[in-house]
Amino acid sequence: MELYHYVGYQQDSNEYINPEQALKHGLNISTKTGSYTNGGRLFSKVTEKYRPLRAPTWIDFGQAIGAEFTEPSKPYFKFPIFTNKILIFNREISSDLFAYIEDDYMKEETGGGYFTKGLPSKETLVKQYWESMISIEDYLANRPYENAEILIFMTVPPEILEFIE
């Protein structure tokens with residue numbers, strides 16, 4: 001099974017991510033494209049507050065690299081599953097958490113609560129996000145989420161990256 005990572009401009013930025021850097025140094029926090037969700041990074045203090053005891057110590061959402069199971073539009077990197085430091089979270093929960101960011105951003109225009117109406121609290125969503133955490137092996141065996149958030153918690157070595165233009 002292969003994983004994919006879109007190559008292009010950083011989300012909400014004009015900064016182009018040069019694929020040559022990843023091919024030289026690996027896919028990491030400085031060579032990745034920021035177009036992937038990462039619910040654990042949205043409210044880092046709350047995320048750490050509710051971090052389960054069973055969570056591996058190597059989980060650092062600030063260093064996580066997003067990926068997907070299907071080929072994105074070109075250009076992209078393709079690489080095999082190479083480590084057990086790949087975890088899957090329920091992307092629907094990340095979307096709900098992001099609604100709180102949108103509400104803060106649009107507070108003056110909407111009065112707040114527009115995007116989060118009917119949603120559980122941030123704290124409850126963060127707890128649910130942690131509860132959704134599953135290893136990639138377990139996810140592939142059961143596929144419990146229709147919309148998977150794939151996070152890699154280490155550098156993808158340059159020698160396994162294939163650049164597709």
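Guide: A crossing of two helices is left-handed if the near helix is turned anticlockwise from the far one by less than a right angle, and right-handed if clockwise. In this predicted model, where local features need pLDDT of at least 70, side-chain atom pairs count only at pLDDT 80 or more, while totals for chains, interfaces and linings use all residues. Residues are numbered from 1 along each chain as its sequence is written, and side-chain values use heavy atoms, with hydrogens and water left out.

Visitor: What makes α4 roughly antiparallel to α6?

Guide: Helix α4 (residues 91–105) and helix α6 (residues 122–132) pack at an angle of about 155 degrees, with their axes 9 Å apart. Angles run from 0 to 180 degrees between N-to-C directions, and axes are lines fitted to C-alpha atoms, for helices over the stretch in contact. Angles under 35 degrees count as roughly parallel, over 145 as roughly antiparallel, 65 to 115 as roughly perpendicular and the rest as oblique, and the pair α4 and α6 is therefore called roughly antiparallel.

Visitor: Which hand does the crossing of α4 and α6 have, and which residues make the contact?

Guide: The α4 and α6 crossing is left-handed. On the α4 side the contact (heavy atoms within 4.5 Å) involves Ile93, Ser94, Asp96, Leu97 and Tyr100, and on the α6 side Lys122, Leu125, Val126, Gln128, Tyr129 and Ser132. Sorted by class, this contact of α4 with α6 holds six nonpolar, three polar and two charged residues.

Visitor: How do you know how many helices and strands the protein has?

Guide: Helices (H or I, at least four residues) and strands (E, at least two) are DSSP runs, numbered from the N terminus, and for this protein they come to seven helices and seven strands.

Visitor: Why do β2 and β5 count as standing at the edges?

Guide: Four strands form an open sheet in the order β2-β6-β4-β5, with antiparallel pairing (two strands pair if DSSP finds at least two bridges between them). Strands β2 (65–67) and β5 (134–135) each have a single partner strand, so one side of each is left without a neighbour in the sheet. Strand β4 (residues 86–90) and β5 are joined in the antiparallel sense over two bridges, and Ile88 stands opposite Ile134 in β5.

Visitor: Where do α4 and α6 lie on this sheet?

Guide: Helix α4 lies across β4 and β6 (148–152), running at about 65 degrees to β4. Helix α6 packs on the sheet as well, touching β4, β5 and β6, and its direction makes about 135 degrees with that of β4.

Visitor: What is the order of the sheet that three strands form?

Guide: That open sheet has the order β1-β3-β7, with antiparallel pairing. Its edge strands are β1 (2–6) and β7 (162–164), each of which pairs on one side only. Five bridges link β1 and β3, with Phe77 in β3 as the bridge partner of His5. Strand β3 (residues 76–80) is joined to β7 by three bridges, and among the partners in β7 are Glu162 for Lys78 and Ile164 for Tyr76.

Visitor: Why does the radius of gyration agree with a compact globule?

Guide: The radius of gyration is taken over C-alpha atoms, and the globule rule is 2.2 Å times the number of residues to the power 0.38. With 165 residues, a compact globule would come near 15 Å, and the protein has 16 Å, which agrees.

Methods. Ala, Val, Leu, Ile, Met, Phe, Trp, Tyr, Cys and Pro count as nonpolar, Asp, Glu, Lys and Arg as charged, and the others, Gly among them, as polar.
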